[in-house]
Amino acid sequence: MVTPYDRRTAEIVEEVRHLGRTYMRPMGLESDATGLPPPADHPLYLICARQGGLVGREVGEDEGDEGLDWRPFRSLLINEESAYWDRGVALSLPGPGLGGAALRTTATAEQRARFLSVFTDHDRAHWGAMAMTEPGAGSDVARIQTRARHDGGEWVLNGSKMFCSNGARADWVVVWATLDPALGRDGHRAFLVERDTPGFELLRIEHKMGSRGYETASFALDEVRVPEENLLGGEAFYRSREGFRGAMATFNLTRPIHAAQGVGMGRAAHDFALEFVHTDYPSEGRRRTRALEQLATIRRQLQTARLMCLHAVWLASRGLPNTLEASYAKLYAPPAVLRSVSVALDILGEAGVRNDKMVEKLFRDVKILDIGEGTQQVQRVVVARQLFGFPRDP
Amino acid sequence: MTADFSLPDEVVELRSALERFARDRLAPRAREAEADGSWPEAVLLALDRFELSSLDLPGAFGGVGIGCLGKVVVLETLAVADAGGLPAADQPGPTAGALSACPEGDRAAVVAEAALARRAASTLVVTATDEPEAPAVVEWAPSWPPLGWVWESRGDRLRLFGPGPGVDPGSPALAFGASGTATAALSHWPVAGTWTLPAGGGLAVRGRARLWAAAVTLGIAQAAFDATVAYATERVVFGRPVAHHQGNAFELAASAAGLHGARLLVYDAARRFDAWDAGTTEHPVDAGFWATEAFLETTETAGRVTDLGIQLLGGHGFLVDHLAEKRFREARMLGLFFGGRARAEDDLACALVEVGAW
């Protein structure tokens, strides 16, 4: 059996389970009803930020020489477990978020230490974020239009960004921009923009079908001036044509973790449906057997997805290429989870319509997983390019 | 302990050697073996040298003890080249789990000599506990070596019929032609032993057999995928390779992901059996449950992949000039083995609430 738990990770996952049961699920239900994410000063966030709390642990603060190194398995398992309780609230937890992944793949060691150190403040919660998507550039991130120009020892950013998770409450946002759209991927640069930088303006918090427990922000960037030293990786990094690859490497790390959130949500749907079978189905007979067979199918799909996520992260943790495997996980897991949640609804029957049964909420919550960080269609393109030279410009 | 998806060095080396053997010696003769109804003696001798049959058997039975994970990798590797003769050539093969499950003294007495000397084939029949007891019938089995032993798994009861007094030649079957065809009504076979296994033991026996089928199916599906990609990147239609039409590319990409997932599930189930055999886990249901899940996932995925393997070849796929049609029917037939998918689903429904936590 593949057992991804070391002792410390098992402790942390257990802590997440406790926080999930006590805080995250009730918070998620409230956000689902009100349409508003929990406030930034919610007690859960302070618990996560305190000394020895989840934030410090996720960035490895308490583990001596290894300092702020990322632990991909731990991150994956925390994400799976927290999404089990509420994926929206899980995404709202303090920490570097997607911006942290960008720092890991793109920034210099000095920049990583500088920007991640904010999470060693235990008196209040801190967030990081990443802004890649634009109104006109979603899956095709190569088409981003936000411009960066060099001016007097600073960088100046202009454009707009959307689907920036936790962006409105973040201490900093990693913003991807281009020197010139005509340069294509060679023109891409990543900048760390700190909160309250003049010209960095929150436009709105989006209203969504599900996953309402975290804020999804849209921004305008109007002559936003960024210090030279906030260009992640430094200019030499991009001259070596690593800029776009840096962005893509970020996704190779985060796609399996994103997919693993789906596994957590699917597990939740499975457990609700199994409980319903125990309490509401006849103790024997064809209906019960049929429902148990359906639950076994859910379990199979979720386990397959889980192994794919773990395998992709295992490759990354060994410094091995994982583009293909990360896309496999992201391609397979979200639709499999959606099917699983849908089957769980079938098991509940008409009771599934009621959102107090949770599965209806999960059905709405889970759909975004097949869109964020590259739709399944994008993943198929990635796989096709890798395996049999599917052309970039048909 | 952290997640580890690596294969032991000895398994990697064995796979490498078998890949060459399968490519050079097995694949070129696949059609010929099918027509002959058997694999050539030279191939069987070579497989003996690789110790195919004893890879996953305990040392007490002359096994190499490389484990279940090593065995599924080997089966997959051989099946990529030609799965047709595997049900016959790999003895006791799918029934290794049954052999290991029956009590030490009994199994040594009744089975080891004939089964392990490969003088007689064995197979596993799965009967359902919610159906009336009836004499087990072997609908299909390999005909070489002669079918001599039949295990029957019903719940946690394990029964062994044999040695067989003779079998009937079955109706000619196209799938697995290289293994021949035998059928048998067991009502006049002696019962060599009946055992009640510990709770979950029956599922483990069936799961081990299903994992055998899953590993072979995986190899067939991988071969189908590889051949499809090779053809579809060369054959040009409407001005570009078949594979570079987005509709086809997307199907191929989904197939690749499905195969990857099925392989991870098969290997994971094999690791669970190895952990169980090693005594590092004591959960009686776990390995059998996940092996059964792997069987369902793999046969389902292989159905899609081998179907696509014909579809993207167009009319060529329907002709015996290509191996696509052979893989298509073999993959489907494997889903019928050891009680088929329906009995597998029954087992999972019964075991679901007992299986370990997420």
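In which strand of chain A does Glu223(A) lie? In this predicted model, the residue sits in β7, which covers residues 216-227 of chain A. Glu223(A) is worth a look for its backbone: phi is positive, about 50°, although the residue is not a glycine. Most residues other than glycine have a negative phi.

Is Glu373(A) buried or exposed? With 24 C-beta neighbours inside 10 Å, Glu373(A) is buried, since the cut-off for that class is 20 or more.

As for the overall fold, chain A is built from 12 helices and seven strands. Its C-alpha trace stretches over about 75 × 55 × 40 Å along the principal axes. The radius of gyration of chain A is 21 Å, which agrees with the value near 21 Å for a compact globule of 394 residues. Of those 394 residues, 56% count as buried. Among the contacts in chain A with a separation of 6 or more, 76% come from residues 24 or more positions apart.

Within chain A, helix α4 (residues 72-92) packs on α9(A) at an angle of about 155°, and the two axes are 9 Å apart. The pair is therefore roughly antiparallel, the threshold for that label being over 145 degrees. The crossing of α4(A) past α9(A) is right-handed. On the α4(A) side, Pro72(A), Phe73(A) and Leu76(A) make the contact, meeting Cys309(A), Leu310(A), Val313(A), Ala316(A) and Ser317(A) of α9(A). By class, that gives seven nonpolar residues and one polar, with no charged ones.

Chain A also meets chain B: 31 residues of chain A are in contact with 32 of chain B. On the chain A side, the elements giving two or more residues are α9 (286-317), α10 (323-348) and α12 (376-388). Helix α9(A) gives the most, with 13 residues. The class make-up of this side is 20 nonpolar, six polar and five charged residues.

Over in chain B, two peptide bonds stand out. The one from Trp144(B) to Pro145(B) is cis, with omega near -10°, and Pro145(B) falls in the loop between β2 (137-141) and β3 (147-154). Gly162(B) and Pro163(B) are likewise joined by a cis bond, with omega about 0°; Pro163(B) is in the loop between β4 (157-161) and β5 (168-169). Most peptide bonds are trans.

Notes: Residues are numbered from 1 along each chain as its sequence is written. Chains are lettered from A and ligands numbered from 1 in the order in which they are written. This is a predicted model: local features need pLDDT of at least 70, side-chain atom pairs count only at pLDDT 80 or more; totals for chains, interfaces and linings use all residues. Two residues are in contact if their C-beta atoms, placed from the backbone, lie within 7 Å. Helices (H or I, at least four residues) and strands (E, at least two) are DSSP runs, numbered from the N terminus. Ala, Val, Leu, Ile, Met, Phe, Trp, Tyr, Cys and Pro count as nonpolar, Asp, Glu, Lys and Arg as charged, and the others, Gly among them, as polar. Axes are lines fitted to C-alpha atoms, for helices over the stretch in contact, and angles run from 0 to 180 degrees between N-to-C directions. Angles under 35 degrees count as roughly parallel, over 145 as roughly antiparallel, 65 to 115 as roughly perpendicular and the rest as oblique. A crossing is left-handed if the near helix is turned anticlockwise from the far one by less than a right angle, and right-handed if clockwise. The radius of gyration is taken over C-alpha atoms; the globule rule is 2.2 Å times the number of residues to the power 0.38. A residue is buried if 20 or more other C-beta atoms lie within 10 Å of its own, exposed if 12 or fewer, and partly exposed in between; C-beta atoms are placed from the backbone.
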